[in-house]
Amino acid sequence: MPKAKIKRKSTWVDMTAMCDVAFLLLTFFMLTSNFTRKEPVLVSTPSSVSEIKIPETNIMTILVDKTGKVYFGIDGQEKRKQLIGKMAYLYKVNLTPEEIKKYTLLELVGNPMQAMKAYLRLPADVRDLPQNNLGVPADSTNNEFKEWVKSAREVNPDLRIAIKADEKTPYPVIKKVMKSLQQLNEDRYNLITKLEGAPGKE
Amino acid sequence: MAEISQDSGSHKKGKKKRSKKLTTRIDLTPMVDLAFLLLTFFMLATSLIKPQTMEITMPSDKKVLDEDKTVAKASQAISIILAKDDKVYYYFGKTEGAKVLTTNYAPDGLRKILLTKNFDVAKQVEDLKAEKIRTRMKEDDYQKRLSQIRANKNAPVVRIMASDDSNYKNLVDALDEMNICSISRYAIVDYDQPDKQLISSLTP
């Protein structure tokens with residue numbers, strides 16, 4: 001009996017369909033998503049049942065980390081440039097145009113103005129180390145934080161305040177921040193939380 | 001290298017040259033590779049979930065907070081003190097001679113207390129929500145009726161006091177309970193002397 005010859009099949013697969021799917025997904029992701037904003041510290045926000053979304057523009061972010069360091073930032077590079085200009089003038093810090101440019105690229109900065117120059121000169125890979133971020137002073141004796149908020153408000157009157165703090169942040173730090181805002185008559189603000197399932201009601 | 005063919009003379013007379021039919025199939029594998037690479041990048045670099053926010057309005061420094069306090073009847077007032085280790089102290093009515101009780105953030109803790117106190121409003125809100133789903137109420141109408149219910153004069157007024165030992169999560173949890181229990185009148189108040197004394201007398 002003659003051996004049955006196995007017919008050699010072509011390994012060619014039509015990739016068109018797969019290509020279609022891949023590009024479809026790609027388009028979806030490109031259109032729907034916004035980039036994760038780089039933050040100098042990882043903060044895990046508490047959860048709440050609130051379902052209000054935060055607007056994307058005109059946001060003043062106040063980040064408070066576990067140890068109580070305060071970071072501050074606004075959106076919009078042009079606005080940031082004006083802001084740092086104001087702050088540098090106020091605290092008599094001379095910043096070169098390159099340093100100002102560097103500042104405008106940073107989402108959140110947590111350093112007193114006196115340390116700002118040195119901070120902006122740091123290479124990008126060591127910038128986020130804890131020892132390089134001292135936090136914006138918000139004490140009653142030296143309240144730079146208040147000046148930041150005030151200047152930011154002058155630069156962009158439409159700003160909304162968003163406070164993003166870690167779950168474990170001790171309350172006195174939050175109190176300091178809230179007191180400072182209160183003194184500036186900024187009495188409406190948003191607390192950023194993550195979504196929690198709706199509460200089970202019995 | 002491009003070459004100019006000069007063999008036009010080699011054509012046999014009468015025989016037409018048949019153009020070779022080129023296949024239109026292109027190997028799409030590299031394109032798929034590329035697409036998936038970009039897809040992976042976008043999936044990793046972006047955040048789909050937008051963070052949630054809680055909107056709070058604090059009393060500004062100019063306004064006197066006492067105005068709020070005096071309006072509230074003592075019978076409506078609830079004071080909540082956020083203490084350390086996720087403990088909550090609470091009492092009803094006036095600070096003087098108040099009976100302080102302890103609870104926690106569990107669903108049958110603080111929420112239960114607030115819901116019993118705010119029973120009327122909470123029930124109405126619940127009914128309204130059910131009605132909204134049933135009758136497909138317009139969002140505007142819903143909001144209007146919701147604010148009407150919330151404006152109830154007999155609803156409790158909550159004072160939230162956070163002690164220095166509490167953390168941010170406690171505060172957010174407490175505010176969250178206000179939302180869940182549909183309490184519209186609440187304020188974050190400084191943890192000051194009479195209350196401090198009251199609590200410290202409780203826990204040596």
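Predicted model: local features only at pLDDT ≥ 70, side-chain atom pairs only at ≥ 80, totals over all residues.

My strands here are DSSP runs (E, at least two residues), and helices are H or I runs of at least four, both numbered from the N terminus. I call two strands paired if DSSP finds at least two bridges between them.

Residues are numbered from 1 along each chain as its sequence is written, and chains are lettered from A and ligands numbered from 1 in the order in which they are written.

Back to the hairpin. I found S79(B) opposite Y91(B) in β4(B). There are 5 residues between the strands, and D85(B) takes a positive phi near 55 degrees.

Next I followed β4(B) to its other partner, strand β5 (residues 101-103) of chain B; they run antiparallel with 3 bridges. Y90(B) has L101(B) as its bridge partner there.

Then I looked up strand β6 (residues 157-162) of chain B, which runs parallel to β7(B) over 4 bridges. V158(B) pairs with Y186(B) in that one.

Put together, I get an open sheet of 5 strands in chain B, in the order β5-β4-β3-β6-β7, with mixed pairing. β5 and β7 (186-189) of chain B each have a single partner strand, so one side of each is left without a neighbour in the sheet. The twist averages 25 degrees from one strand to the next (axes are lines fitted to C-alpha atoms, angles run from 0 to 180 degrees between N-to-C directions).

For the whole of chain B I counted 7 helices and 7 strands. Of its 204 residues, 24% are buried, meaning 20 or more other C-beta atoms, placed from the backbone, lie within 10 Å of a residue's own.

Which residues take part where the chains meet? I get 47 residues from chain A and 40 residues from chain B, with contact meaning C-beta atoms, placed from the backbone, within 7 Å. On the side of chain A that touches chain B, α1(A) gives the most, with 10 residues. That side divides into 26 nonpolar, 13 polar and 8 charged residues.

K53(A) has Q52(B) as its bridge partner.

Conventions: Contact = placed C-beta atoms within 7 Å. Nonpolar A, V, L, I, M, F, W, Y, C, P; charged D, E, K, R; others polar. Buried ≥ 20, exposed ≤ 12 C-beta atoms within 10 Å, placed from the backbone.
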